[in-house]
Amino acid sequence: MKFLIARLNHETNTFSPVATPLAAFEPTYDGDAYRANFGLKTAMSAFIDLAESMGAQIVTPVSASANPSGPVDAAAYDALCARIVNAAAGCDAILLDLHGAMVAQNSDDGEGDLLARLRAAAPGVPIGVALDLHANVTPKMVANADVMVGFKTYPHVDMYETGAHAGRLLRELIEGKSKPVVRWHPLPLMAHTLQSATGSGAMQRAVQAARAEERGGVTAVSVFAGFSLSDIPAPCMCVVTTGEPEAAQAAADRVAAQIWSEREQFAYRSEPLADSIARAKALAADATKPVLLLDHGDNCMSGGTCDTMDALQEALAQGLTGIAVGPLCDPQAVAELIAAGEGATATIALGNKIPLTQLGITKPPVTLSGTVRVISNGSYTITGPTYTGMRSHMGRTVLFDIGAAQIVVTEKTQEPWDLGVFECTGLDPRTARFLLLKSRMYCRPVFVPIASHLIECDSRGVTSSDYSLFPFTRPVRPVFPLDAG
């Protein structure tokens with residue numbers, strides 16, 4: 001047996017001004033791609049383990065993953081897809097670790113077009129796909145996969161388990177133990193990402209219903225929340241099943257009906273930013289641990305620039321002190337602060353350097369004076385539970401102390417996966433009165449345990465939960481919650 005195993009991950013925010021060239025994926029090829037995933041907890045890692053347990057020959061043409069950002073450059077998309085398609089000849093099975101919400105400059109349906117090309121290049125070869133919970137599943141994706149399984153957790157801590165599930169079903173197909181099909185039920189529902197956490201609420205109930213349907217002739221049921229910040233025809237929720245045709249479709253229909261009956265619970269209603277900061281200030285009066293402020297309007301893991309200043313400006317305007325902020329991405333400011341040197345005082349124009357042109361938002365940088373406390377290489381090791389053990393790099397990093405706030409300023413955007421985003425500068429986040437993070441969800445398993453309260457702050461950035469900021473033109477209407485229904 002010869003297995004083609006590859007990873008290609010990108011969640012595209014079509015409103016994001018952050019470019020996505022080939023370098024953004026930091027791709028590894030062939031043997032390096034194998035080594036980049038072996039022993040880790042990605043879906044591709046699970047595929048490798050499965051193939052090796054079967055004694056199969058393994059071909060790993062590419063492993064490439066980029067942080068969410070704007071549409072993928074056409075040349076990058078073509079090059080990465082060509083690596084996978086060109087490796088398909090002579091393979092007996094194909095297993096792909098994909099995100100499911102990729103838009104390229106030359107493809108509105110990044111994964112669907114890739115799967116169609118693979119099907120044409122390797123007709124009759126079984127194709128199994130593992131997808132992110134926030135995939136925007138399309139008809140072309142469904143038509144060109146024999147097995148499709150999505151994450152059942154957000155924050156995502158079951159990437160490996162999802163790959164193992166998809167791999168197991170493809171193995172059963174190869175060995176003649178089953179003949180599954182993929183069925184789906186799309187919904188006209190653009191869920192807010194903040195309402196897709198699987199630990200509570202309607203999303204938890206949807207995932208529980210999906211698990212309950214995995215029985216008999218239905219071998220996989222996945223609820224996809226979709227990624228609504230892609231201006232495409234259907235950036236929407238859906239239910240995808242793998243199994244016997246009639247049973248699989250019936251299961252998808254039942255779970256979808258439950259989701260639709262609770263559609264109001266998938267819409268997030270933001271409070272004004274000033275109100276969020278005022279609540280945090282009141283809560284801090286009696287708190288013995290930091291109050292956690294999540295600036296989800298500028299979250300790099302949804303395509304944010306990580307340089308909007310709204311939340312920090314409002315916090316300073318309301319007199320908050322003892323704030324630890326980060327990571328805030330501003331390479332120009334980093335260079336200026338490093339030139340000043342550790343211990344020096346400096347006045348810089350910070351943040352708001354990248355105009356949010358598609359939202360019609362351009363704001364001037366904020367002039368701040370303070371002391372350069374620490375210059376760091378910005379590297380740390382993630383302690384978990386997501387990407388446990390992975391080395392993370394924020395580029396050159398500076399701890400800038402303006403008195404009321406200590407700001408971690410970086411050269412690269414970075415999700416605060418770990419306390420290491422502060423500790424790499426010598427700052428203990430546990431000692432802060434307020435922790436202002438540019439994050440939506442992934443920071444929570446690490447930072448919530450050290451916090452007294454959590455306040456969600458919706459700044460005017462390209463990852464805002466306020467859909468009225470976004471000039472959607474392409475979603476098929478009517479769609480909830482853009483339209484009543």
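Is Glu26 buried or exposed? In this predicted model, Glu26 is exposed, with a relative accessible area of 61%. The cut-off for that class is over 50%. Glu26 sits in the loop between β1 (2–9) and β2 (28–29). Most residues other than glycine have a negative phi.

Asp30 also has a positive phi, near 50°, and is likewise not a glycine. Its setting is helical: Asp30 belongs to helix α1 (residues 30–37). With a relative accessibility of 43%, Asp30 counts as partly exposed. That value falls in the class between the buried limit of 20% and the exposed limit of 50%.

Two prolines follow cis peptide bonds. Most peptide bonds are trans. Pro155 lies in the loop between β7 (147–150) and α6 (159–174). Another cis bond links Gly326 to Pro327, with omega about -15°. Here the proline is in a strand: Pro327 is part of β12 (residues 323–329).

Pro68 occupies the loop between β4 (62–65) and α3 (74–86). Its relative accessibility is 8%, so Pro68 counts as buried. The limit for that class is under 20%. Which residues does Pro68 contact, leaving aside its neighbours within four places in sequence? They are His10, Glu11, Cys300, Met301, Ser302 and Gly303. For Glu11, the C-alpha to C-alpha distance to Pro68 is 4.8 Å, across a sequence separation of 57 residues.

Helix packing was examined for α7 and α8. Helix α7 spans residues 201–213, and helix α8 spans residues 245–261. Their axes come within 10 Å and cross at roughly 165°. Angles over 145 degrees count as roughly antiparallel. The pair α7 and α8 is therefore roughly antiparallel. The crossing of these two helices is right-handed. On the α7 side, the contact is made by Arg205, Ala206, Ala209, Ala210 and Glu213. On the α8 side, Ala251, Arg254, Val255, Gln258 and Ile259 take part. By class, the contact of α7 with α8 comprises six nonpolar residues, one polar residue and three charged residues.

Methods:
Residues numbered from 1 in each chain as written. Predicted model: local features only at pLDDT ≥ 70, side-chain atom pairs only at ≥ 80, totals over all residues. Heavy atoms only, no water. Axes fitted to C-alpha atoms, helices over the stretch in contact; angles between N-to-C directions. Helix = DSSP H or I, 4+ residues; strand = E, 2+ residues; numbered from the N terminus. Parallel < 35°, antiparallel > 145°, perpendicular 65-115°, else oblique. Left-handed = near helix turned anticlockwise from the far one by under 90°. Contact = heavy atoms within 4.5 Å. Nonpolar A, V, L, I, M, F, W, Y, C, P; charged D, E, K, R; others polar. Buried < 20%, exposed > 50% of the residue type's maximum accessible area, 1.4 Å probe, protein only.
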